[in-house]
Every structure is written in C-alpha cells, then in structure tokens.
Amino acid sequence: MEIVHTIQWMKELAKDALVNERALGFVPTMGALHEGHFSLVREAKRKCSPVVVSIFVNPKQFGPSEDLKKYPRTFEADRDALASLGVDVLFAPTPEEMYPAGFSTSVSVKGLSDRWEGRARPGHFDGVTTVVLKLFEIVQPRVAFFGRKDAQQARLVRQMVSDLNLSTEIELCPIVREPDGLALSSRNVYLSSDDRRAALAISRALDACRKSISSGEWDVARLLTTMRGILEAEPRLTIDYAEIVDADSFEPVRVIRGNCYALIAVKVGTTRLIDNAYIEPEGGAFRVVL
Ligand code: AMP
C-alpha cells in the first residue's frame, strides 16, 4: 500500500488510473477506523480497482466547541488495517496541505444542509461538502463509498454531485452495528460503560419503530411517541431530535408512504451520537433496515 501525503502525488496516481481506464474506488474517512469503515473498503474492493482510502480529520467540519482536538487519531493501526485489507493507496494529507493560508472557498448545498445535523452543527455540512469536493477533485474517483450511518451527509453529497455535474458515482453502504445494536462510530470511545449501556436505547427505539411499522402502524405521530418514549426513559440521554423524514427531501412526513428515514440524534453525557433506520416500500408494506 502506498502512503501519500501530498496532493500533487495523489493527483499523479489518480491520473495513472484514469489513463489506464481503471475504475478507481474511493473511501473518504476521518480515521480511527472500525468495522463500519472496513465494510466500505471491502465493498470498494469488490467493485473497484485501485482502491484509495483517505484519512483526514477535516477541521472545517468541526464547530468551535466541538471535539476536533480530542478526536481519536490512530494512524498506525489504521494504516496496518488498510494494508491488510488490500487497499492500494492511503491518502493522508495534513490540514496545511488541504487548507493553505489564504484558502477562502466554501461549498454549500442550500436547504438540505440547514436541517437536522446542519441545524445542530452550524457550518458542519459546508465543511463536509467543501472537503469532499476537494477530495473528489484530487482523487478523481469513479465510485465513492459512503455509510448510511450519516444518511443526511450522503444525501447532501449526492446533491452536490448532481448539481455540479461531477463524474463520481456515490454508493451507499449499510450501517455496521455492534452485536447489541449500537452503531459503530469513532466517537464511541468517548462513552463510559454507563453511557454505552444508555446509548443502546437508540437502537432499541429504532427497532421498536421497525416492529411497529411491520405490524402496520404508518402514522408518524404514533411512531414518534414510541421512539421518544424509549429514549426519554433513559435518564442519561438527551434527545436532540427523533424524527421520520422523507429520504429525498429530509422534510418530516406525517404518514409513512415512500422511502423515509427514522433519524435519531442524542447526547449521552458530552458525546453526541446519531443513528437511523431506512424505511422502504416492499410489496404493499414497508421494510425497515437498521
Ligand atoms: P467518518 O470517519 O466518521 O467521517 O466516516 C467515514 C465514512 O464511514 C462515512 O461515509 C460514514 O458514514 C461511514 N461510517 C461510519 N460509521 C459507520 C458504520 N457504523 N457503518 C457504516 N458506515 C459507517
């Protein structure tokens, strides 16, 4: 596996792949890699060659009071794991390489980036779309792989790709969970054992939503009462939002009709966690994927 720190060299490698008509697959990450990231890498390996993974803790997507400084950084372990998965190139630029003095451009997907995560974390999504556009331009991927764990982020990236006529195809991969249901996240390392136990209420609430929908409850107000009841019963959790939204517009819906997401964002102590379930029509009813 080649480790690349400069944009110039990464562009050279990307050009080689283009010239040789190879389908370059790309997995952007912030490191502190876990099975969720590895599932994206495996999918990229199945569909593409070469595979490039980036590790870049993007300062522009952290708010001033967020965890940029203490965000977990485990470069050596990440590098070894990616090498053993057969990744071809690890692109790990420094913040100065990505944002030299004088950097002044921001990419903003209007509307979609104001809701939910965008409202809770002002400027976050502009940081995400700015870095993703830069990374796409540097890596020139045929396909980029994103996790459904960050459903709103993936939706925004798709909008940007469509609006700006980018040539990269976006693949969305399922959420990887611990055996007890907790969605894997680099931020789970912040959780104390009590926090971790409390955090299980998130997947329990999504699972209860799934069961209600399977038994024919499509009224969103009643589904939300069930979900919020489970979250509120856990004193260590504070709900930021628990909503059911249209999978395309991310606007709240009143009745489950088409593709939707049940979205949850909570704080457990000082750690903010997000999770979701994907709801899709199937044979006159709905299938809910956690
Ligand atoms: P991050 O390093 O948190 O920026 O995440 C990099 C990519 O991994 C994003 O596309 C995330 O959606 C994805 N990802 C993070 N956690 C999971 C998970 N538990 N399952 C699937 N994908 C994930």
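**Helix packing and a ligand shell**

Student: In this predicted model, at what angle do helix α8 and helix α9 pack?
Tutor: Helix α8 covers residues 193-214, and helix α9 covers residues 220-232. Their axes lie 8 Å apart. The packing angle is about 155 degrees.

Student: Is α8 roughly parallel or roughly antiparallel to α9?
Tutor: Angles over 145 degrees count as roughly antiparallel. The angle here is about 155 degrees. Therefore α8 is, relative to α9, roughly antiparallel.

Student: Is the crossing of α8 and α9 left-handed or right-handed?
Tutor: The two helices pack with their axes 8 Å apart. The way α8 passes α9 is right-handed.

Student: How far apart are the axes of helix α6 and helix α7?
Tutor: Helix α6 spans residues 124-139, and helix α7 spans residues 151-163. They pack at an angle of about 55 degrees. That angle makes α6 oblique to α7, and α6 passes α7 in a right-handed crossing. The distance between the axes is 10 Å.

Student: Turn to the ligand. Which side chain has an N or O atom 2.6 Å from an oxygen atom of the ligand?
Tutor: The ligand is surrounded by 16 residues. His37, Gly147, Val176 and Leu184 are among the closest. The side chain at 2.6 Å belongs to another of the closest residues, Asp150.

Student: What percentage of the ligand's accessible area does the protein cover?
Tutor: On its own, the ligand has 490 Å² of accessible area. The protein covers 92%.

Student: How many residues of the shell are charged?
Tutor: The shell holds 9 nonpolar residues and 5 polar ones. Asp counts as charged, and Asp150 is in the shell. The number of charged residues is 2.

Student: Which residues does a cis peptide bond join?
Tutor: Pro50 sits in the loop between α2 and β3 (51-55). The cis bond there has an omega of about 0 degrees. It joins Ser49 and Pro50.

Student: What is the phi of Glu21?
Tutor: Glu21 lies in the loop between α1 (7-19) and β2. Glu21 is not a glycine, yet its phi is positive. The value is about 55 degrees.

Notes:
Residues numbered from 1 in each chain as written. Predicted model: local features only at pLDDT ≥ 70, side-chain atom pairs only at ≥ 80, totals over all residues. Heavy atoms only, no water. Near = heavy atom within 4 Å. Polar contact = N/O pair within 3.5 Å; in protein donor to acceptor, adjacent residues only side chain to side chain. Areas by Shrake-Rupley, 256 points an atom, 1.4 Å probe, with all protein chains shown as cover. Axes fitted to C-alpha atoms, helices over the stretch in contact; angles between N-to-C directions. Helix = DSSP H or I, 4+ residues; strand = E, 2+ residues; numbered from the N terminus. Parallel < 35°, antiparallel > 145°, perpendicular 65-115°, else oblique. Left-handed = near helix turned anticlockwise from the far one by under 90°.
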